[in-house]
Amino acid sequence: MSTDAIVLLREDHKAIRKLFRDFEKAGDNAKATKGRLVDKIIEALTVHTYIENEGMYPEVRKLVPELESDILESYEEHHVADLLVQELATMKPDDEHFTAKVTVLIENVDHHIEEEEGEWFPQVREHLGRKQLQEIGARLLELKKKAPTSPAQPSAVKKAVDAVIS
């Protein structure tokens, strides 16, 4: 298995997008299915945003200063996703705002993924060598082991607070 940071993050993106498409295909009356899918989406996004915020973004910010504004925008996009995830974690699938909130989350995260993969991942790859990306990737794998899986866990709450005050 590759430890290239960009490869690892793209794999996460692919898995997250599959959950999104499954949610969209579930149908209006599939409340139990949608509820289970949202639980998986919440877990996947909580882990993913944690490893990016704690591992990828600080390293890229330090090593590729010309991507500073992209990184700052990514932190803010994560913050918006975190807020939506926190709200969804307290909602039931039959809440009238549930599907609308998930739709907004999907639109925001899809946009974020497109920017990362289309704009700044290629620039990161251009500036950093394979060895650096593998070292960052190894760190991401370590972070993933201890990453929060719920927005209510202290490390997830800390990440959300840090995004506001940093």
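## Reading the helices, step by step

User: Let's start with H2. How many residues does helix H2 have, and what length does it reach?

Analyst: This is a predicted model. In it, H2 covers residues 31-63, which makes 33 residues. From the first C-alpha to the last, H2 reaches 45 Å, close to the 48 Å expected at 1.5 Å a residue.

User: Where is the kink in H2 centred?

Analyst: Look at Glu52: the kink in H2 is centred there, and the angle is about 40°.

User: Now, how do I read a pair of helices?

Analyst: Two packed helices are described by two things, the angle between their axes and the distance between those axes. Take H1 (residues 5-25) and H4 (residues 98-127): their axes come within 11 Å and cross at roughly 155°. Angles over 145 degrees count as roughly antiparallel, so H1 and H4 are roughly antiparallel to each other. The crossing of H1 past H4 is left-handed.

User: What kinds of residues make up the contact of H1 with H4?

Analyst: That contact has 13 nonpolar residues, nine charged ones and two polar ones.

User: Zooming out, how many helices and strands does the chain have?

Analyst: Six helices and zero strands. Read from the N terminus, the elements go α-α-α-α-α-α.

User: And what do the overall dimensions look like?

Analyst: Along the principal axes, the C-alpha atoms fill a box of roughly 50 × 30 × 30 Å. For the radius of gyration, the general idea is to compare with a compact globule: with 166 residues that would be near 15 Å, and the chain has 16 Å, which agrees.

Definitions and conventions: Residues numbered from 1 in each chain as written. Predicted model: local features only at pLDDT ≥ 70, side-chain atom pairs only at ≥ 80, totals over all residues. Heavy atoms only, no water. Helix = DSSP H or I, 4+ residues; strand = E, 2+ residues; numbered from the N terminus. Expected span 1.5 Å × (residues − 1). Bend = angle between axes of the 7 residues up to and from the residue. Axes fitted to C-alpha atoms, helices over the stretch in contact; angles between N-to-C directions. Parallel < 35°, antiparallel > 145°, perpendicular 65-115°, else oblique. Left-handed = near helix turned anticlockwise from the far one by under 90°. Nonpolar A, V, L, I, M, F, W, Y, C, P; charged D, E, K, R; others polar. Rg over C-alpha atoms; globule rule 2.2 N^0.38 Å.
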